[in-house]
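Work through the exercises below with the model open beside you. Try each task before you read its solution.

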Amino acid sequence: MTEAQKFKQPIKKKPKKEDAEPTTPGGLSSEKKKKLEVLDEFIEGVLQEAGEEFLDEFKQVEGQ
Amino acid sequence: MSIPKIVGIEQEYAIKIKGDETLSFFDASCTLVNAYARRLGLRNPEVNMLWDYGHETPYQDIRGELFGKNTGQQIIGEKENRLINAGLPNGARLYTDHAHPEYSTPECLSARDALACDKAGEIVLREGLKLMRDILPSTSVTLYKNNTDQQGHSYGCHENYLMAAHAHEACLVSHPQRALKTLIPFLVTRQIFAGSGKVGDRERENSGPPYQISQRADFMQNLFGLETMYARPLINTRQEHHADPKRFRRLHLILGDANMCEFAGLLKLGSTQLVLQMLEDDFMDCDLTLKDPIEANKQISGDFGCAVELADGRNLTAVQIQREFLAYAQKFRPTDPSSRVPDDDLILSCWSYVLDGLTQLKLSDDMVIEDDPLLLSRRLDWVLKLWIMNRYREGQNCTWGHPLLTVLDLQYHNIDRKEGIFYRTQDQGFTEQFLTDDEIAHFVHAAPDNTRAWFRGKCLEKFAEEIYLMNWEVVGFDQGDVHRMVPLLNPLKGTRGQYQEIFDQSRNARELIMLLESGSVKQ
């Protein structure tokens, strides 16, 4: 087995249902819906905690 | 004849400090570097190694004296040298560059190893942050692996590739049109899979696209040059090869984005290795010279499907140009089979897949993903970030001008596994992962065993107290009456296969050098 064969190769085929693009909620499993809800809540929490003032606090200096 | 394409990444991290307004970025970065070095025993009183700047010539240009800058060699005292630098036993360098913590991976033979070493660097920095909390308990420091603060400042994710000296000279110095025909068009267009995505820069409010695929495109102004902080070039031409310049040269690319997605990172490094090898073997007989590469870089960043103008009058999309390179790469076999790019079949497969995916990717005028049948949102940073942004926009009913989208953009790159948006997305199973946790963890402590990084790392692991100085191409030992330098001028030598036995037999650096001089090294 070559090094490359050990790893998952991208396959040109129609995505499995559980891998389908999660922007189409009608086709989602309940597990995936739950994961998306968790992700949305997490992002909302991160942004609320950071707030818009984060942008001014984040200012960097020029890199090399 | 092409040679193996050793690759390394230098990542500058953005830094955010909360809780101590007097703590500068420089001080915070140095605290982190030293906390981690101390943890490894590299700050014990008996360890006094310096980072050797003697081989660094950032103001000399490969194109000749006319292009150089006469600002003199950077002078740095021993105390500051030790404050900002830490060579690590995994072959990497952790240091403070200007005001950013920077992690330079060891030299890697494969894109996969380089990707794993880059990810291992994130673990090193996370560990450094954890150690900092014991030192500065009331201060919160966070690191971001990205390339812009959205306020007009940029910092790099530089790539270095080993090239044969004759090919480097021919393509970049004596016949730069060779680079213009192939390498430059490849680099300008690879952002369609290598870009990390960003919402419009706040400094360019109401101008430019609301979301673009590259973080760095706005900051690139030249094709070649020495600058790194303004008027940035795609290819930095400093004459600083960190190897025997008669045989080897370093191609120093500074146009790329920092990748969080493993797929994007692997493809960026692997496809570049392949193109460089084809360039060395003079395999590509096409002329894809762009009429205005810098403008094309920005155009594509703003609209990945746009057609850019070639010097011959043709108009091609980035996908079409990348397909030309892919077609060559699929036919290519290096002159020397032993120098074949590792995992080339996997890289070609990913490359083909992603170009098919981009051909089918449909975005609305408002940058909503309408169709992504090959699930690039699981694989490419700019598509994943766009998908996340659109979910947020949809949920909050907000337009692209909403400032929290810029916050979201930055928080995507937070390297904290619990707080960073990319990592939360990955942990929820929404990204494709190539690397195993074990593979990444391995490179936190160990150097790749098939380049000179292994030798350097082993010296640090076994004989740190005896090292006087080091850099990429030398390890110098202090033997009391004399300093003994071990040159590492060939990045392909110094491997575990060559030197394991000698290190096993050596109780100290003096014995190591005696064995090296006895000629008992395996070839």
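Two residues are in contact if their C-beta atoms, placed from the backbone, lie within 7 Å. Helices (H or I, at least four residues) and strands (E, at least two) are DSSP runs, numbered from the N terminus. This is a predicted model, in which local features need pLDDT of at least 70, side-chain atom pairs count only at pLDDT 80 or more, and totals for chains, interfaces and linings use all residues. Residues are numbered from 1 along each chain as its sequence is written, while chains are lettered from A and ligands numbered from 1 in the order in which they are written.

**Exercise 1. Describe how H11(B) packs against H12(B).**

Step 1. Find the helices: H11 covers residues 381–396 of chain B, and H12 covers residues 403–412 of chain B.

Step 2. Take the geometry. The axes lie 11 Å apart, at an angle of about 140°. Axes are lines fitted to C-alpha atoms, for helices over the stretch in contact, and angles run from 0 to 180 degrees between N-to-C directions.

Step 3. Classify the angle. H11(B) and H12(B) are therefore oblique to each other. Under 35 degrees counts as roughly parallel, over 145 as roughly antiparallel, 65 to 115 as roughly perpendicular and the rest as oblique.

Step 4. List the residues. H11(B) brings B:Lys385, B:Ile388, B:Met389 and B:Tyr392; H12(B) meets them with B:Leu405, B:Leu408, B:Asp409 and B:Tyr412.

Step 5. Sort them. This contact has 6 nonpolar residues, no polar and 2 charged. Ala, Val, Leu, Ile, Met, Phe, Trp, Tyr, Cys and Pro count as nonpolar, Asp, Glu, Lys and Arg as charged, and the others, Gly among them, as polar.

**Exercise 2. At what angle do H3(B) and H14(B) cross, and which residues make the contact?**

Step 1. H3 spans residues 111–135 of chain B and H14 spans residues 437–445 of chain B; their axes come within 8 Å and cross at roughly 70°. That makes H3(B) roughly perpendicular to H14(B).

Step 2. From H3(B) come B:Ala116, B:Cys117, B:Lys119, B:Ala120, B:Ile123 and B:Val124, and from H14(B) come B:Glu439, B:Ile440, B:Phe443 and B:Val444.

Step 3. The residues of this contact divide into 8 nonpolar, no polar and 2 charged.

**Exercise 3. Find what lies at the edges of the 8-strand sheet of chain B, and what packs on the sheet.**

Step 1. Read the order: E4-E5-E6-E1-E8-E13-E12-E11, an open sheet with mixed pairing. Two strands pair if DSSP finds at least two bridges between them.

Step 2. Go to the ends. E4 (85–87) and E11 (220–225) of chain B each have a single partner strand, so one side of each is left without a neighbour in the sheet.

Step 3. Check one pair. E1 (residues 7–12) and E8 (residues 157–164) of chain B are antiparallel, with 5 bridges. B:Gly8 has B:Asn160 in E8(B) as its bridge partner.

Step 4. H1 (residues 25–39) of chain B touches E4, E5 (93–97) and E6 (100–104) of chain B, and its direction makes about 165° with that of E5(B). H3(B) lies across E1, E5 and E6 of chain B, at about 30° to E1(B).

**Exercise 4. How many residues does each chain give to the contact between chains A and B?**

Step 1. Chain A gives 30 residues and chain B gives 48. On the side of chain A, H1(A) gives the most, with 9 residues.

Step 2. Look at one helix pair. H1(A) and H12(B) pack at about 110°, with axes 10 Å apart. That makes H1(A) roughly perpendicular to H12(B).

Step 3. A:Ile43, A:Val46, A:Leu47 and A:Ala50 in H1(A) meet B:Leu404, B:Val407, B:Leu408 and B:Gln411 in H12(B). They divide into 7 nonpolar, 1 polar and no charged.

Step 4. Check the confidence. Chain A has a mean pLDDT (the predictor's confidence in each residue, from 0 to 100) of 72, and 58% of its residues reach 70 or more. Over residues 1–26 of chain A the pLDDT is below 50. Where pLDDT is low, the predicted coordinates should not be read in detail.
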